[in-house]
Amino acid sequence: MRSPYELVGARPDPAFEISVDGRAVPVVPGQSVGAALHAAGVRSWRSTRFGGRPRGLFCGIGVCFDCLVTVNDVPALRACVTEARPGDRVRTSAGEEGVSGR
């Protein structure tokens with residue numbers, strides 16, 4: 001079976017990694033930080049102020065603010081609409097609290 005890249009004749013840039021709470025996470029060029037986290041099996045990376053309920057991707061289009069992360073020391077970015085770039089350093093609330101985020 002042919003890959004989607006072969007079907008459309010695409011030659012994508014090579015994959016790379018970003019650092020999320022000190023852990024290497026693989027990224028396909030063009031992926032958002034949220035998509036990379038989801039692909040790596042991370043489903044939540046912060047919790048609500050009241051009740052401590054886990055949060056991660058919810059709407060996936062930048063409306064709900066459930067997926068906030070800090071990227072390269074810029075706080076409160078929506079992971080679902082922030083494109084991952086080589087060398088990005090991502091911090092999550094889950095990582096700051098010392099929980100696994102899974």
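Start by selecting D73: this residue is exposed, with a relative accessible area of 53% (buried means under 20%, exposed over 50%, partly exposed in between, using a 1.4 Å probe and protein chains only). Before you click on, know that this is a predicted model, where local features need pLDDT of at least 70, side-chain atom pairs count only at pLDDT 80 or more, and totals for chains, interfaces and linings use all residues. Residues are numbered from 1 along each chain as its sequence is written, and side-chain values use heavy atoms, leaving out hydrogens and water.

R91 sits in strand β7 and D73 in the loop between β5 and β6, 18 residues apart. Strands here are DSSP runs of E, at least two residues, numbered from the N terminus.

R89 is partly exposed at 46% relative accessibility.

Next, show the strands as a cartoon. β5 (residues 68-71) and β6 (residues 74-78) pair in the antiparallel sense over three bridges; to pair, two strands need at least two bridges found by DSSP. Look across from V69 and you'll find L77 in β6. In the hairpin between these strands, pick N72, which takes a positive phi near 50 degrees. β5 also pairs with β7 (residues 89-91), antiparallel over two bridges.

Last stop: select R46, R55 and D66, linked in a network of salt bridges.

Technical notes: Helix = DSSP H or I, 4+ residues; strand = E, 2+ residues; numbered from the N terminus. Salt bridge = Lys/Arg side-chain N within 4 Å of Asp/Glu carboxyl O.
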